[in-house]
Amino acid sequence: MPPEYGLRDINVNEISLMIKILHGTTSLAEISRQLDITLQGVRYYVGSLRERGYMNDMTLTQEGYEHLIESLKILKKFVVDNSEAISDSLAWECIGDEDIKQNTKLFLEMRGGFLHGSLKGADDSATAIAMEPALKGRRVRIRDIRGIIKINFGTVHARIIENLTNANYTDYKETLERELQQINAGQQIFLLGEGAMTLFPNSGYNKFSSLSGAFEAASKGIDSVIVSTRESWNLNDEQFNELLKKNGSVKVNVTSVKI
């Protein structure tokens with residue numbers, strides 16, 4: 001491969017065809033269909049690769065592997081470099097903890113589930129540049145985020161009501177009312193299903209998207225409590241397990257309510 005070989009020399013269709021062959025696809029018609037290239041075009045690329053010694057019949061040669069690896073390295077560098085440039089130019093937003101001037105360096109911190117920007121912070125804090133002036137407590141658009149925004153992940157506490165009946169309805173209601181009144185003000189409370197809703201019909205608790213909302217809150221550092229009957233919990237078990245897999249840093253505590 002010539003030393004000056006670069007991005008301008010890479011034919012994406014040709015590289016895509018080589019990858020298909022590498023994965024065992026040898027039917028020209030199938031390659032044509034998968035890559036949305038005419039059959040005549042596929043035949044042209046195959047002939048060109050064979051002439052340059054990159055293919056032998058429908059198999060890549062050692063030179064072909066080396067050509068493919070080098071081309072993918074160049075493409076990867078191109079994608080990474082430009083992805084970083086795009087990321088740097090994208091506008092995020094935070095809450096300003098002081099009056100902010102444009103182009104000021106801000107120190108970023110997650111607090112109460114939302115991103116805050118301050119003029120002072122620890123040396124290892126994530127930082128960004130303010131894109132505009134803003135008064136204290138107002139929204140600030142930011143760019144050029146550097147470092148990792150630290151998050152102390154919260155816990156999802158699931159409180160399961162076993163065998164809710166008319167006979168024990170009042171006992172469960174009073175027990176949960178006492179319990180929920182004692183939790184920290186910052187925690188979010190979610191009702192999952194009709195059974196839990198009948199216990200707190202007029203409350204201001206979250207009633208929709210309970211599982212996803214609880215995990216989202218915990219992923220932003222806020223503890224949450226889900227109240228659910230056993231029946232409703234079992235119906236939503238699959239979604240709960242999916243969220244658990246996607247949010248590996250979130251702690252979960254599932255317990256039954258005792259009356």
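**Basis.** I number residues from 1 along each chain as its sequence is written, and side-chain values use heavy atoms, with hydrogens and water left out. Because the model is predicted, local features need pLDDT of at least 70 and side-chain atom pairs count only at pLDDT 80 or more, while totals for chains, interfaces and linings use all residues.

**Entry 1: helices α7 and α9.** I looked up α7 (residues 210–219) and α9 (residues 237–246); helices are DSSP runs of H or I with at least four residues, and strands are runs of E with at least two, numbered from the N terminus. Their axes, lines fitted to C-alpha atoms over the stretch in contact, come within 10 Å and cross at roughly 20°. The two helices are therefore roughly parallel (angles under 35 degrees). In α7, Leu211, Ser212 and Phe215 meet Gln239, Phe240, Leu243 and Leu244 of α9, contact meaning heavy atoms within 4.5 Å.

**Entry 2: threonine 59.** I found threonine 59 in strand β2 (residues 59–60). Its relative accessibility is 47%, so threonine 59 counts as partly exposed (buried is under 20%, exposed over 50%, partly exposed in between, with a 1.4 Å probe and protein chains only). Isoleucine 21 is 38 residues away in sequence, yet the C-alpha atoms are 6.8 Å apart. Neighbours within four places aside, threonine 59 contacts Ile21 and Tyr54.

**Entry 3: glutamine 187.** I located glutamine 187 in the loop between α5 (169–181) and β9 (188–192). Glutamine 187 has a relative accessible area of 16% and is buried. Neighbours within four places aside, glutamine 187 contacts Ile222, Asp223 and Val225.

Terms used:
Axes are lines fitted to C-alpha atoms, for helices over the stretch in contact, and angles run from 0 to 180 degrees between N-to-C directions. Angles under 35 degrees count as roughly parallel, over 145 as roughly antiparallel, 65 to 115 as roughly perpendicular and the rest as oblique.
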